[in-house]
Amino acid sequence: MSNTSRMRAVQPPIVPIVGRWIRETPGTISLGQGMVAYGPPPEALERARQFGTDPDDHRYGPVEGQPELVEAIERKLASENGTTVRPDSRVVVTAGGNMAFVNAVLAVTDPGDEVILQAPFYFNHEMAVVIAGCRPVVVPTDEGYQLQPDVIARAITARTRAVVTISPNNPTGAVYPEAALRAVNDLCATRGVFHVHDEAYEYFTYEGARHFSPGSIEGAGRHTISLFSLSKAYGFASWRIGYMVLPEALFDAVNKIQDTNLICPPLVSQAAALGALRAGPSYAAAHVATLARVREEVHRRLAAVADLCDVPRTQGAFYCFVRLKGGVDPVLLAERLVREHRVAVIPGTAFGATDGPYLRVSYGALDGDTVVEGIDRLVRGLRALRSL
């Protein structure tokens with residue numbers, strides 16, 4: 001039997017496709033998947049080692065997360081993000097940030113509704129909207145990948161249920177200024193739609209850029225859904241722990257969704273997450289300082305092919321979203337870069353970049369020397385394949 005038309009409309013996940021090319025080409029350096037090179041802090045691993053001695057460790061926990069972890073997250077949100085959770089909103093612990101986004105979409109939409117995404121978008125966000133039977137409405141960012149609130153306002157219709165923003169951004173690395181996020185949040189409040197804001201890269205900023213949480217705005221708790229993840233800051237990708245801050249009015253709906261899909265995030269991962277939060281943001285800060293140096297080298301080396309591409313200098317995450325000059329096919333180019341030059345990047349079409357050929361370059365998952373070698377291979381490959 002074939003799959004449904006709804007699922008046929010969902011784009012294939014690009015990371016496994018690029019992963020297959022890499023497996024077929026030994027020695028490839030991957031500048032593809034968005035991960036960090038480091039693992040969890042010692043406090044997290046110690047909590048995991050201690051797990052399992054209590055009989056309750058082997059039973060289901062609360063759908064919304066272990067009380068001790070939820071309380072730690074609420075303290076973190078108050079001290080770091082300026083966000084007071086109660087009484088207007090609640091925390092729900094999820095199995096990663098992607099689950100938090102799926103929870104949000106299912107909680108606020110009916111099939112046929114619209115969700116506004118900023119182009120280029122995070123591909124799993126677009127996929128989730130389509131899986132939910134909704135229509136992604138894609139609006140462009142500007143030349144520096146910044147929000148355009150007036151364009152977003154014109155895209156809102158009677159079927160719009162949410163506007164999605166990501167800052168620091170995946171795939172571009174753009175950090176949205178407080179004024180722009182306040183404008184979008186106010187627009188959502190005025191127009192009666194939810195503002196879904198992804199903050200997975202909250203600690204990854206450079207050159208004095210500051211992260212701002214829209215959930216901290218007075219009165220925002222009633223219409224703002226904030227998404228967080230431990231995957232990046234705490235090297236937690238395989239542990240699958242994220243969390244969401246959502247309006248109190250959506251709490252029952254999200255409980256239904258998560259109880260059906262997961263019941264609760266694995267308790268061993270929640271125990272490790274509690275240790276990670278106790279390590280605090282200073283753990284990520286040391287690694288971000290290293291990434292800042294790698295970032296400078298990446299930009300310096302990509303400048304050598306300025307005749308072939310533009311690389312807007314954004315201030316967050318660990319990505320460059322490279323805008324290629326000419327009419328090359330980014331998917332074909334990405335495959336040939338792997339097979340002929342042993343370097344992997346992600347084609348921009350996966351992120352909804354349709355106004356020209358783009359490539360996403362990630363420099364977070366490898367040590368600095370390997371990143372530099374990968375960028376050098378990319379530069380050589382772009383020169384060799386410029387006529388595609």
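**Cavities, cores and backbone exceptions**

About 40 Å³ of space lies in the second largest cavity of this predicted model. The residues that line this second largest cavity are K76, E202, Y203, F228, S229, L230, A233, Y234, Y243 and L277. Sorted by class, the lining of the second largest cavity holds seven nonpolar residues, one polar residue and two charged residues.

A search of the whole structure for cavities of 30 Å³ or more finds two. The largest cavity has a volume of about 60 Å³. Its lining consists of L117, Q118, P120, F121, Y122, H125, V164, T165, I166, N169 and Y176. Two strands, β3 (114–119) and β5 (160–166), each supply at least two residues of the lining of the largest cavity. The largest share, three residues, comes from β5. By class, the lining of the largest cavity has seven nonpolar and four polar residues, and no charged ones.

The open space comes next. The largest pocket has a volume of about 540 Å³. Its lining is made up of 30 residues, and G34, N98, Y122, N124 and K232 are those that lie nearest the centre of the pocket. Which elements each supply at least two residues of the lining of the largest pocket? They are the helices α2 (14–23), α5 (97–108) and α6 (123–131), together with the strand β7 (224–229). Of these, β7 gives the most to the lining of the largest pocket, with three residues. The residues of this lining divide into 16 nonpolar, ten polar and four charged.

From the spaces we turn to the packing. In soluble globular proteins, nonpolar side chains tend to be buried together. In this model the largest nonpolar core has 63 residues, and those that touch the most other members are F204, Y234, F236, F318, Y363, I375 and L378. Helix α11, residues 282–302, gives the most to this core, with seven residues. A second, separate core has 39 residues, W21, V137, A174 and A180 among them. Y234, listed for the largest core, is also part of the lining of the second largest cavity.

F236 can be followed in detail. With neighbours within four places in sequence left aside, F236 is in contact with P40, A44, L230, S231, I241, S269, A272, A273 and A276. One of these contacts, L230, also lines the second largest cavity.

The sheet is next. Strands of a sheet pair through backbone hydrogen bonds, either parallel or antiparallel. An open sheet of four strands runs in the order β9-β10-β13-β12, and its pairing is antiparallel. Each of the edge strands, β9 (309–310) and β12 (346–347), pairs on one side only. Strand β10, residues 319–324, pairs with strand β13, residues 358–362, in the antiparallel sense over five bridges. V322 stands opposite L359 in β13.

The remaining features are local to the backbone. Most residues other than glycine have a negative phi, and most peptide bonds are trans. Where do the exceptions lie? The peptide bond from R86 to P87 is cis, with omega near 15°. P87 is in the loop between α4 (67–81) and β2 (89–94). The peptide bond from S167 to P168 is also cis, with omega near -10°. P168 is in the loop between β5 and α8 (178–191), and β5 is the strand with the largest share of the lining of the largest cavity.

Y145 is not a glycine, yet its phi is positive, at about 65°. Y145 is located in the loop between β4 (135–140) and α7 (149–155). Is Y145 buried or exposed? Y145 counts as buried because its relative accessible area is 3%, and the cut-off is under 20%. A317 is the other case, a residue other than glycine with phi near 55°. A317 lies in the loop between β9 and β10, two strands that stand side by side in the order of the four-stranded sheet. A317 is likewise buried, because its relative accessible area is 0%.

How values were computed
Residues are numbered from 1 along each chain as its sequence is written. This is a predicted model: local features need pLDDT of at least 70, side-chain atom pairs count only at pLDDT 80 or more; totals for chains, interfaces and linings use all residues. Side-chain values use heavy atoms; hydrogens and water are left out. On a 1 Å grid over the protein atoms alone, a cavity is a set of points where a 1.4 Å probe fits but cannot get out, and a pocket is an open set with protein on both sides within 12 Å along at least five of seven lines; lining residues have an atom within 4 Å of a point. Grid points are joined across faces, edges and corners, and a volume is the space filled by probe spheres set on the points. Ala, Val, Leu, Ile, Met, Phe, Trp, Tyr, Cys and Pro count as nonpolar, Asp, Glu, Lys and Arg as charged, and the others, Gly among them, as polar. A nonpolar core is a set of buried Ala, Val, Leu, Ile, Met, Phe, Trp, Tyr and Cys residues joined through side-chain atoms within 4.5 Å. Buried means under 20% relative accessible area, exposed over 50%, partly exposed in between (1.4 Å probe, protein chains only). Contact means heavy atoms within 4.5 Å. Two strands pair if DSSP finds at least two bridges between them.
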